[in-house]
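I opened my notebook to look up a few spots in this structure. Here is what I wrote down as I went.

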Amino acid sequence: HPPPVATDKEEQKRLLEHRPDQPPQPKVLRIAIIGAPNAGKSTLCNQLLGRKVFPVSKKVHTTRCKARGVITHEDTQLIILDTPGLTNRLKAKRHNLDEAMLTDPWDSMKHADLVLVLVDVSDHWTRNSLSKEVLRCLSQFPHIPSVLVLNKVDVLKKKFLLLEIATDLTEGIVNGKKLEVKSSPKQDSRSSVKVPLHPTQASPPESKVPGSPFGQKKNQAQEGSGLDKSSGVGGAGTGEGPEHHGAKDLRDMKGWPHFQEIFMLAALRGEEVDTLKRYLLMQAKPGPWEFHSDVLTSQSPQEICDNIIREKLLEYLPLEVPYGVTQVTDVWEEGECGELLIVQSLLVPRESHKRMLIGRGGRVISRIAQEAGQDLMNAFLCEVRLKLKVEVK
């Protein structure tokens, strides 16, 4: 079971500064997760960690800062760099984002051993091409191995489209090999086509090794999957990274032809997340751990609290209203029975915003407090009593 986050700021600080309790032959892997805003990066991070410590919302730019998640499994430590969605200056100005939102994803890339590029396949406007920001990011660091993760596949009604999307996003090449997409029979469009979702089902039990549908040998691939690619390991350990792409090349590119693997999953439901996790653990290289095994995240308990309350504000308030709320923690103390008491003031710029936030009969604010309190109990594994006050600043 993943460890809980310490409720005391000093205790969490001590844990973060504590020397890692690493085994004799430790292994480590630093993973940057990049993608367009709202692709599901934080949801995937929470699922990989096994506990919710990153805020999640349907609104864009929920993640405002670079935070680390830590998975310690036996002799291996995975360090996940949850980054803000890649954005540009125009969008940053519109959402009142600070400069760090533009630089943090690039910063994470510099420290990564592996990059996961997350794409929301339920968004038919954007799913067939990588954003220019993502392509620019990959082309700046072509030596870092990258993996394509297609998310929200459970929402996609026509599963045969996954093959078309995968081909577009990889320019038809994965791990140096050409993807061959056969035309799928018509009935596939009406059936659920589980093959891309559960790639390992067709394989005998002993061959259920971590890997994506595209990493399987031809004879293990299910018929009708519409995909044919021989297996092979390449790219990562060869030292021959892909060439640097210029600005003109990027203009003409829709996908990235240097992905090592493709994974298809549904992060919200946890489908196939374990397959990805096993793959990541296998990619770890010998190296010292960065964190003590009791650390789950680099965030302070207050940061987790602020982020989770802000997630609810984004969820229940319309349009740009939640972006103008300032959070101030008035009380953070342990009660007589070991419960955590938190009182937070939410400062809003207008009286109309205050009315919206409180809601009729106080329904909105009490729902936010109840849901945030529940999430905090799951993060800290203790009783949490959360009280929210709303004031016009």
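First, a term I need throughout: buried means under 20% relative accessible area, exposed means over 50%, and partly exposed is in between, with a 1.4 Å probe and protein chains only. This is a predicted model, where local features need pLDDT of at least 70, side-chain atom pairs count only at pLDDT 80 or more, and totals for chains, interfaces and linings use all residues. Residues are numbered from 1 along each chain as its sequence is written, and side-chain values use heavy atoms, with hydrogens and water left out.

**Entry: aromatic pairs**

I wanted ring pairs, meaning rings of Phe, Tyr and Trp (its six-membered ring) with centres within 6.5 Å; planes under 30 degrees apart count as stacked, over 60 as edge-to-face and the rest as tilted. How many aromatic pairs does a search of the whole structure find? It finds 2. Phe263 and Tyr279 form a tilted pair, 5.0 Å centre to centre with 55° between the planes. This pair links distant parts of the chain, with Phe263 in strand β10 (residues 259-264) and Tyr279 in helix α8 (residues 273-283), 16 residues apart. I noted that helices (H or I, at least four residues) and strands (E, at least two) are DSSP runs, numbered from the N terminus. Phe263 is buried at 3% relative accessible area, and Tyr279 is buried at 6%.

Trp332 and Phe380 are an edge-to-face pair because their planes sit at 80°, with ring centres 6.2 Å apart. Trp332 is in strand β12 and Phe380 in helix α11 (residues 363-380), 48 residues apart, so I'd file this pair as linking distant parts of the chain too. Phe380 has 4% relative accessibility, so I put it down as buried.

**Entry: strand β13**

Next I checked strand β13 (residues 340-348), where 9 of 9 residues are buried. Both faces are covered: Leu340, Ile342, Gln344, Leu346 and Val348 are buried on one side, and Leu341, Val343, Ser345 and Leu347 on the other.

Which strands does β13 pair with? Two strands pair if DSSP finds at least two bridges between them. Strand β12 (residues 326-334) pairs with β13 in the antiparallel sense over 8 bridges, and Leu340 is the bridge partner of Glu334. The hairpin of β12 and β13 has 5 residues between the strands, and Gly338 there takes a positive phi near 85°. Strand β14 (residues 384-392) pairs with β13 in the parallel sense over 9 bridges. In β14, Lys389 stands opposite Ser345.

**Entry: Leu357**

I found Leu357 in helix α10 (residues 351-358). Is Leu357 buried or exposed? Its relative accessible area is 0%, so it is buried. For neighbours I used contact, which means heavy atoms within 4.5 Å. Not counting residues up to four places away in sequence, Leu357 touches Leu313, Leu317, Leu346, Val348, Val364, Ile365, Ile368 and Val390. Leu313 is 44 residues from Leu357 along the chain, and their C-alpha atoms are separated by 8.1 Å.

**Entry: Asn307**

Asn307 lies in helix α9 (residues 301-316). It counts as buried because its relative accessibility is 14%. Leaving out residues up to four places away in sequence, Asn307 touches Pro55 and Gln299.

**Entry: positive phi**

Most residues other than glycine have a negative phi, which is what sent me to the next two. Glu171 has a positive phi near 55° and is in the loop between α6 (161-170) and β6 (173-174). Glu171 counts as partly exposed, at 37% relative accessibility. Asn175 also has a positive phi near 55°, and I found it in the loop between β6 and β7 (177-178). Asn175 counts as buried, at 12% relative accessibility.
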